[in-house]
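Keep the viewer open as you go.

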Amino acid sequence: MAISQNTHPLVGFGLVGGTLVAGLLALSLAQQGRDVAPLTVDRDGSPDQPMVWIPGGRYWRGSTEAPDARPVRAVEVDGFWIDRTEVTNAEFARFVAATGYITTAERAPDPRLYPGADPASLQAGSVVFTPPGSDADLNQPLSWWSYVPGADWRHPSGPGSSIEGQANHPVVQVCWDDAVAYARWANKRLPTEAEWEYAARGGFDQARYAWGNDLLPGGQWQANIWQGRFPTRNTRDDGFAATAPVGSFPPNGFGLRDMAGNVWEWCADWYHPDAYANGPSKNPTGPSASLDPDEPGVPKRVQRGGSFLCSDDYCVRYRPGARGKGEPTSAASHTGFRCVRSKTGPEPQL
Ligand SMILES: [Ca+2]
């Protein structure tokens with residue numbers, strides 16, 4: 001099977017990021033500690049983006065439509081707070097301004113980690129969706145992904161792009177390490193996969209979509225995904241060709257925005273295709289090690305929710321039961337995150 005759409009193809013480009021430095025910085029930030037706002041106060045001064053309390057409960061996790069999301073099992077999670085929206089460019093900018101954090105995509109890969117590589121090729125950058133000019137083979141995802149030197153969260157598509165005027169769009173070009181660093185600074189954490197799915201379903205247990213079983217209730221798009229023939233023709237019927245400002249679509253049953261589409265969201269867990277067959281049914285935190293049969297030997301973290309590149313004729317993983325995966329030091333132009341916070345007790349292991 002070819003590399004999947006949401007598998008960051010840095011591996012295919014012979015680059016897997018050189019991010020030991022980023023990881024150490026994340027640890028450093030965690031050790032410093034930060035003053036954070038009370039839970040009931042909004043994150044950015046606006047009254048419409050507080051965290052949302054998700055009461056604990058039991059739900060049917062998984063999907064019969066995806067081999068790695070079986071078996072569908074009853075899972076129980078304790079209550080937790082979750083960001084109402086994906087972390088925005090404005091929020092991530094505040095984190096960077098406060099800490100001086102440099103994301104992985106902004107760091108040139110360490111030549112010592114790539115002894116056979118041409119040093120000239122080891123440039124800071126990231127992976128960008130670059131739609132091909134003609135019909136593409138859907139089995140060849142690398143044909144619409146490019147490693148672009150200079151692509152980072154401030155320049156999501158490369159040096160010629162910017163986030164000017166997109167303060168309220170989800171931050172992208174952040175890898176798992178970057179997301180964890182932000183979360184620790186904010187005294188939050190990444191959601192477990194079980195928490196994320198429970199939140200995404202919004203009480204519509206076993207429903208196909210995060211909003212129910214009808215793709216277009218009232219004829220209205222409920223999420224920022226792709227319409228038209230992927231990856232060459234985006235009719236943007238939902239109003240957006242790429243990221244949308246957070247909260248552009250109706251909330252789910254818990255009042256959360258963009259739990260389907262817009263950008264993939266990093267979760268805390270390691271990815272493993274058999275994760276659901278094993279592990280506890282209460283507060284699962286995922287397997288102890290990763291396995292991606294598509295790229296054995298490349299550890300992956302879980303991503304959920306799909307992105308603006310998902311469509312029913314190619315990637316249906318914007319559905320709440322579907323799972324994604326990504327190499328934790330690799331970022332991309334369609335991947336961001338949101339955070340959670342426990343009410344009490346020890347937090348799940350990141
Ligand atoms: Ca769209």
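## A pair within the sheet

In which sense do β7 and β10 pair, parallel or antiparallel? In this predicted model, β7 and β10 run parallel to each other, and two bridges join them. At this pairing, tryptophan 264 of β7 stands opposite threonine 335 in β10.

## The four-stranded sheet

Both strands belong to an open sheet of four strands, ordered β9-β8-β7-β10, in which the pairing is mixed. The edges are taken by β9 (324-326) and β10 (335-336); each has a single partner strand, so one side of each is left without a neighbour in the sheet. Helix α4 (residues 193-201) packs on this sheet and touches β7 and β8 (301-304). The direction of α4 makes about 5° with that of β8.

## A closer look at tryptophan 264

Strand β7 covers residues 264-270, and tryptophan 264 is part of it. Is this residue buried or exposed? Tryptophan 264 counts as buried because 31 other C-beta atoms lie within 10 Å, and the cut-off for buried is 20 or more.

Arginine 304 is 40 residues away from tryptophan 264 along the chain, yet their C-alpha atoms are separated by 5.6 Å.

## The β5 and β6 pair

Elsewhere to look at is strand β5 (residues 125-129), which pairs with strand β6 (residues 145-149) in the antiparallel sense over five bridges.

Conventions
Residues are numbered from 1 along each chain as its sequence is written. This is a predicted model: local features need pLDDT of at least 70, side-chain atom pairs count only at pLDDT 80 or more; totals for chains, interfaces and linings use all residues. A residue is buried if 20 or more other C-beta atoms lie within 10 Å of its own, exposed if 12 or fewer, and partly exposed in between; C-beta atoms are placed from the backbone. Two strands pair if DSSP finds at least two bridges between them. Two residues are in contact if their C-beta atoms, placed from the backbone, lie within 7 Å. Axes are lines fitted to C-alpha atoms, for helices over the stretch in contact, and angles run from 0 to 180 degrees between N-to-C directions.
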